[in-house]
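Hello,

Here is the structure I promised to pass on.

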Amino acid sequence: MIVRYSCLAVLMMASSFTDAFMAIPRTKKNSPTIASSSSTILFSKNSGRAHTERMLEESMGDDWRLFRAKLVAQEKMALESNSSSGNNKDNRGIPSDSSSAKNKLKRTSDADAELDKQGQLGELFAGAISSIFHSKEDPSHGKKRTGDDNSNTLMKGDNIGGAVPLSLHSAEGSDLLMYNNQDPFASEAELPIHMKAPVTSVDKHRWAHDIAHIEPGCVLIANEKLNGVFHQTVVLIVDHHEKTGTTGVVINRPMQGNLNKVVINQDNASIDLSLRLAFKPAPVSYGGPVLQDEFAVLHGFGHVEGSKKLAPGVFIGGSEELMNEVRIDRFDPRNALFIKGHAAWIPGQLDREIKKDVWYIASVSSDFLLRYAGAPTTKEDDTKDLWKDILTCMGGKYAEIANKYSGLGDLRMP
């Protein structure tokens, strides 16, 4: 067994829960089910501002994790490039005899092409400098220039507003476009510095890569050999601290039926009646084996009061404020995932499990995290198996694991 809890351990972890897990009110006798109008308006203003900030953050592309994902993609591209170039070398790193002449010729060709490119750039900027310092009647240019002599060339649009002559729009000359508005006094030796670096594209809706450490908002992906309740699960980390331990929620175990049906069919589930009615059609997921009568709400609405931001566009908690947003038709309850129970580790326990390869640690896109909380999907997504989908997106050995061991899917809970 990977997870074993003593009474003392459970009490320690329960005392360290964040407000996000305690935000959903429990059923109380004689408690009002409808908030007053003044408090509803106040909640609406605060929640509306939180939602606006969340939308601005998305429109500005303010996701540092996406920037890191692009850096990881560039590193992978560089490694693949170095690996492919090393295939023509023997075990000592020396080019093989059969390909040495070919490699030498290629290097010479590449060097010549680079020199030719620099020569073209030098001529281009030399012409620009000449046009600045020479007058229209400069005898070194042969004859007097008139407006009629170059009117045809001018009307072609060449060199107008920074445009480049069509002769430069070739496979080799296309790299020169970026220099046309640069400093014309740059030396030929400086020009290679400005050459464009390889561009890597990362889909902001669908990206995933492994990381070496645990951080809030990352996910634990179950090893393909792990059995039990965590078999092929994806666990979203909510809190991680070396002194208080770690808490997280499983996000790929949707339960049958909506929130209202789950609460009615399970005696140990207790939730406030007004909240249950407001979020009646909301989906529910099994979150873990600890305190399964407690609920947490995962959503992308905004950093409302009582919630915690796990990642850009991903929040947990704040059910009361969300309930008021539902009442004024500003939030769709189907975009809130109610998570029943959670997972917890005492200090040091998760680190030991990771060292034994029980979990893969990954940073993934917000749409992966909100897969069952209303996030949009594409044709590339495997909407029935989040475990497989993330591993496939990570590529390499992880994609091989996904292809070999997947098949059961996410829908396993009653």
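Predicted model: local features only at pLDDT ≥ 70, side-chain atom pairs only at ≥ 80, totals over all residues.

Residues are numbered from 1 along each chain as its sequence is written, and side-chain values use heavy atoms, with hydrogens and water left out.

Helices (H or I, at least four residues) and strands (E, at least two) are DSSP runs, numbered from the N terminus. Buried stands for under 20% relative accessible area, exposed for over 50%, and partly exposed for what lies in between (1.4 Å probe, protein chains only).

Back to α13. Its buried residues are Tyr 398, Ala 399, Ile 401 and Ala 402. Viewed down the helix axis, these buried residues fall within an arc of 155 degrees, so they line one face of α13; the arc is taken from the directions from the helix axis to the C-beta atoms. On the face turned away from the buried side, α13 carries the exposed residues Gly 396, Lys 397, Glu 400, Asn 403 and Lys 404. What do the buried residues of α13 pack against? Their partners are β1 (208-210), β11 and α12, where a contact means heavy atoms within 4.5 Å.

**Helix α12**

In α12 (residues 386-394), the buried residues are Leu 386, Trp 387, Asp 389, Ile 390, Leu 391 and Met 394. At the start of α12, Asp 385 brings a side-chain oxygen to within 3.4 Å of the backbone nitrogen of Trp 387. That is a polar contact in the sense of a pair of N or O atoms within 3.5 Å; within protein, one must be able to donate a hydrogen and the other to accept it, and residues adjacent in sequence count only if both atoms are side-chain atoms. Just after α12 comes Gly 395, with a positive phi of about 75 degrees.

**Aromatic pairs**

Rings of Phe, Tyr and Trp (its six-membered ring) pair if their centres lie within 6.5 Å; planes under 30 degrees apart are stacked, over 60 edge-to-face, and the rest tilted. By this rule there are five aromatic pairs.

In one of them, the rings of Phe 279 and Phe 338 have centres 5.1 Å apart and planes at 65 degrees, so the pair is edge-to-face. Phe 279 sits in the loop between α8 (273-278) and β6 (283-286) and Phe 338 in strand β10 (residues 337-345), so the pair ties together parts that are 59 residues apart in sequence. Phe 279 is buried at 0% relative accessibility, and Phe 338 is buried at 0% as well.

Tyr 360 and Tyr 398 have ring centres 5.4 Å apart and planes at 80 degrees, so this pair is edge-to-face too. Tyr 360 belongs to strand β11 (residues 359-364) and Tyr 398 to helix α13 (residues 396-405), so the pair ties together parts 38 residues apart in sequence. Tyr 360 is buried at 13% relative accessibility, and Tyr 398 at 9%. Phe 230, Trp 345 and Trp 359 form one aromatic cluster.

Gln 232 has a phi near 50 degrees, positive although the residue is not glycine. Gln 232 lies in the loop between β2 (219-222) and β3 (234-241) and is buried, at 2% relative accessibility. Asp 357 has a positive phi near 65 degrees, again in a residue other than glycine. Asp 357 is in the loop between α10 (349-355) and β11 and is partly exposed, at 48% relative accessibility.

**The chain as a whole**

The protein chain has 13 helices and eleven strands, and buried residues make up 41% of its 414 residues. Of the contacts between residues at least 6 apart in sequence, 70% join residues at least 24 apart. How many disulfides does the structure hold? The count is zero, with a disulfide taken as a pair of cysteine sulfur atoms within 2.5 Å.

Best wishes
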